[in-house]
Every structure is written in structure tokens, then in C-alpha cells.
Amino acid sequence: MDRIFYNGVIKTVDDAYPVVSAVCVKNGIIMHVGSDEEMLKFRSERTELVDLKGNFMMPGFIDSHMHMVGTYYTRMQLDLGPCRTKREVLDLLAAEADRIRREGKPGEWVMAANFNQDYWEDDKNIPNRLELDEACGDVPCYMQRCCGHTASHNTKALTIMGLMDEKEGQTEHNMKFLADGTPQGQLFEGDAGLVMDFAEVPSVEEFTECIRVETANCAKLGLVGIHSDDLNMTAPGRDVENLMAAFKFAGENGLMSCKVYEQCRIEDAEGLKAFIEKYPKGTAYGTRFVTSCIKQMGDGSLGAHSAVLRGSYANDPEAKGVRIHTDEEMNELIRIAHDGGYPAAVHCIGDGAVEQVLNAMELAQYENPKPDIRHGIVHCQIMGTDQVKRMQRNNVMAYVQPVFCRADAGIVDDCVGPELAKQSYDWRLMVDLGIHASGGSDCPVEPCDPIPNIYYAVTRDNGKGGSWYPENAVTMEEAIRMFTIEGAYAGYAEATRGSITVGKYADFVVLSQDLTKIAPQDILKTKVLMTVLEGETVYQA
Ligand SMILES: [Zn+2]
């Protein structure tokens, strides 16, 4: 199919021809770029003309870290995100338990997600088992924090999970206890998802529907690519084969409206070796699915004080953070990925986790030098300037989420003190050092809408009419690169995606305003008018 997009203001993110007005596309590939007059010469009777009506077009957005499957399943749960009081949370849970008693399936749980007690105005303590019993009675109840690193359960839920007899000091689980020695209800880190062990494995058909729905949602937001961390997220240890089969089916049957770069999460050494054997790096299903990296977890979250710091929490000296792996385990996991030809992308929020992971990456490189492999750190939040420089020396990429400013600008200084806070989330330094920094949302932690993300990248809006360490912000030009060409680079796709360049796939987004011309406070008003993936319109407003 031939298409000519013309009469636009087209930012290419290609220095050879930064702004043009028209693009010729054939069979999904960009054939020519230039002026309307030059491009319209290429029209034939088979050409479809797309009048951009003077609108702004740029390469489609790429989100470099999110959880597509998790987003789908989170949406099916009770959303506690908008709650501003604990009372509201407990009332919603009680209403859901009532609904289940009246019309629910036998054995149905109250499944709630996305709460953030930092926003509660009446009481910032996460409800314990007894408070949840009061709300839900004997309907099993589970509520997960927005970060996914902690969850609270009522007595019935803990009973089903076999945890009511656990004793403080004797349990292998990461859980809290009440003063009387009985379980308090809260589970942390890996165990925050323990409830998933009681979940059924979604079928290939169910996962296929999830992929179809979620990639279409992404297209609506102007995304042409997402790096997504999905394996072992619904039924850990049991869902990989069904999910990979669903990606194969969806990828080969035209059901995907957005390309998925899979960040394959396999957290045990033996499982990882077997996975790499079966699905080598670059395993592709059609043009819209590829395995891109191996995802690992380094620590927890800042809000839950489970991020691992080199020093201690300024507001909680007792807190140590939670390491997901010992140094030996992390070294081995990264070595297996590295030797197997996969880059590792590791979740690190605290500088202590960053240190562990940089050590492991350096060691893997020392033992088996692969100068071109693109290891990366996901989040890169609390970091010392020394560590940012160390990332540069080791050619380690940064997967950052500028939109986290919205929630974090208010807590980082309290957690780590201003000295370290001002060295943290320092995207300015990353870009200045030439580190490949790509932008993402960590959806469902934040919505996978690139527009607010770009807004926070350039403004670092602190929510109080000011800016949070504005010297660490990037420019609009740089923010656009973070959500286009750098996202492609993170997926080894910069030769075929991420800019409007002759020979690349025609992946575009048309916006209601020219991001490069508007005042920062107007960025959030931007609307997506059209998304084009491989020359095909996958979304039209
Ligand atoms: Zn994540």
C-alpha cells in the first residue's frame, strides 16, 4: 500500500532533515521525506493521500518500561488509586465484599489494587488484617499497593494461603506480625504477589485477548512500541508458555496495534537458562513482537522503604530496604543473561541496589567482554553522581520514568535527604554524559501516556507550583528523543524504528499541537489525533 502524508509539520528526529512537510510510505516503509511538492510527485493512482491539515507529526512514541499484562489484570481489580482517605478505601472494600456475597462466584475474592497511602488525608497506615476483617468479613480480601511491593490481606485470605499459623522469627515469608504474634496481614516484595500462586493460569485465548486490548489502548496514546515486563506476572512459574504462545498467535495474526519488546522476567537461574535455550535473544513473531532483554529485580520501592540504599533512610533509620537477590545470585543471573546473548535490565530504585547491579554487570563484562551488549538499569532513581558516571563508563543504559516526579517529588528529600536527592533522578547528567536514557511509564504504576511523562521530563513539576531540582530536567528535544529513538535503541531497533528516516518503518504519531513550539504548561493539553504503525493507521481520533 502506498500512502503520502502531506501538509504537516513533521519533526523527524533525524538530523539529516529535522523538519519536513511530507513523507512517502510504501508497504510500511518510509521511501522519501521532503516538501509537499517533492513528495506529491511520487503519487500514482494507487496512492492514498493523507492530509495532515497542518498538524504536528513525529515518530510514534516508545515506552521503554511497562507491564502490559499487569495493566490488563489490574484493570479488572477494584481501583483504589483515586482514594484520598483510608475510610474511603475501607468503604469500597466493604461494598465489593457485599457485592460478592450477593452475586459473586463461589470463592470469589475482593481483589483491589493501586492504593497509595501517601495520598490518604485521615490515616496513612495501611489497613491490617483486623481492619480488613471488619470491612470484608469472611470474604477473602487482598489489596495491593500501587508499586506492587506490598499487599495487605484479611484473615480469610491468609487462611486460604496457609499463612495464619506463621510465627514471627520462624517464617520464611516476608510478612509483618501483630503485637500478639499473629500475622498482621501485610506481605512484602516477592510475597506481595503470593496470592498469584492461588490464581489459575490464563489460557492462550485469554492472554491473546489481553494483548489485543492492551496494544490497542497503547495505540490510542500514540505509542508504536512498548517494552513490557510480563512473564510470570499472573501465575508465577506457570504462565510463560501460554503467554509466549499468545504473543506468537497475536504477532503472526495481525492482532497487535503496537510493537512489544518483551523484557523477559525469569528470576531463577535454572529457569533462565532453559528460557534462553528455548527463546534466544531476538525471538520474533511477525514484526510486532520480539524478546528484547532479561528483566530482573534489584530491590523494592521508595514509598514502602524497601528500596536498598547505600546509607540509611533519613526518615526511617531502622529501614534497610529489601534486596531481592544476594550478590552471588545477582552475579549469576546477570552472567547467565550476558553469556546467553541477552542484555539484562534490572529494577533498581535505591543506590544500594544500583551498586550491586553495576558490580554484577562489570563482572560479567570482565569475564566475557561484550562491548556491544546493552545492559540497563530500570528506574535509576536514588543514585549518586559517581554511579551515573559509572553507568557511562560501563555503557549501561538508563530506563527512566519522568512521570514518577508526580508522586516522588514530595517524598524523596524526606527519604534520603537533600544532598542525595539532588543527585537522584538526574536525567540531565545522563543525557550530558551520553548515556542512552529511554523513557517509560512503568504502567500500571503510572498510566502509559507519554504526554505527562514528557511534561515531567522538562518541567519536573513538584505539584506545588514549583519545580523539583529543575537543574536535572531535560529539554523538549531531549525528552522527545527519550520517548522515540532512545526507546528504539533500548530494543536494538534504532536502525529500523524511532525516527522518520528513509528506509525505516513508518511509525508516526500526529498530535494536536507542536510540542517543540508550546509553553511547558500547555504540554498536558496535547491530544493524539492519529497513530500509524508500519504505515497502517492503528488509531484515529
Ligand atoms: Zn516495572
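Leaving out neighbours within four places in sequence, Ala398 is in contact with Gly376, Ile377, Cys380, Met391, Met430, Ile435 and Ala437. Ala398 and Ile377 are also among the residues that touch the most other members of the largest nonpolar core, which has 171 residues. The model is predicted. The protein chain holds 17 helices and 24 strands, and its radius of gyration of 24 Å is close to the 24 Å that the globule rule gives for 541 residues, so it is as compact as a globular protein of that length.

**Overall build**

- Along its principal axes, the C-alpha trace of the protein chain spans about 80 × 55 × 50 Å.
- Buried residues make up 53% of the 541 residues of the protein chain.
- Taking contacts between residues at least 6 apart in sequence, 73% join residues at least 24 apart.

**Domains**

- The domain assignment gives domain 1 as residues 2–54, domain 2 as 63–67 + 202–531 and domain 3 as 82–145 + 149–198.
- Between the C-alpha centres of domain 1 and domain 3 the distance is 55 Å.

**Nonpolar core**

- Besides Ile377 and Ala398, the residues of the largest core that touch the most other members are Val23, Leu93, Cys141, Leu223 and Val357.
- Helix α10 (residues 351–367) supplies the largest share of this core, 7 residues.

**The sheet with β1 and β4**

- An open sheet is formed by 4 strands in the order β5-β4-β1-β6, with mixed pairing.
- Its edge strands, β5 (29–34) and β6 (47–51), each pair on one side only.
- From one strand to the next, the twist averages 20°.
- Strand β1 (residues 2–6) and strand β4 (residues 22–26) run antiparallel and are joined by 4 bridges.
- Within this pairing, Cys24 in β4 stands opposite Ile4.

**Val23**

- Val23 belongs to strand β4.
- With 27 other C-beta atoms within 10 Å, Val23 is buried, the cut-off being 20 or more.
- Apart from neighbours within four places in sequence, the contacts of Val23 are Phe5, Ile10, Ile30, Val33, Met39 and Ile500.
- Leu187 is 164 residues from Val23 in sequence, and the two are 53 Å apart in space, C-alpha to C-alpha.

- Strand β7 (residues 56–59) pairs with β22 in the antiparallel sense over 4 bridges.
- Met58 has Val509 in β22 as its bridge partner.
- Strand β23 (residues 528–533) also runs antiparallel to β22, and 4 bridges join the two.
- In that pairing, Leu511 has Val528 in β23 as its bridge partner.

How values were computed. Residues are numbered from 1 along each chain as its sequence is written. This is a predicted model: local features need pLDDT of at least 70, side-chain atom pairs count only at pLDDT 80 or more; totals for chains, interfaces and linings use all residues. Domain bounds come from an automatic or database domain assignment. Two strands pair if DSSP finds at least two bridges between them. Axes are lines fitted to C-alpha atoms, for helices over the stretch in contact, and angles run from 0 to 180 degrees between N-to-C directions. A nonpolar core is a set of buried Ala, Val, Leu, Ile, Met, Phe, Trp, Tyr and Cys residues joined through C-beta atoms within 7 Å. A residue is buried if 20 or more other C-beta atoms lie within 10 Å of its own, exposed if 12 or fewer, and partly exposed in between; C-beta atoms are placed from the backbone. Two residues are in contact if their C-beta atoms, placed from the backbone, lie within 7 Å. The radius of gyration is taken over C-alpha atoms; the globule rule is 2.2 Å times the number of residues to the power 0.38.
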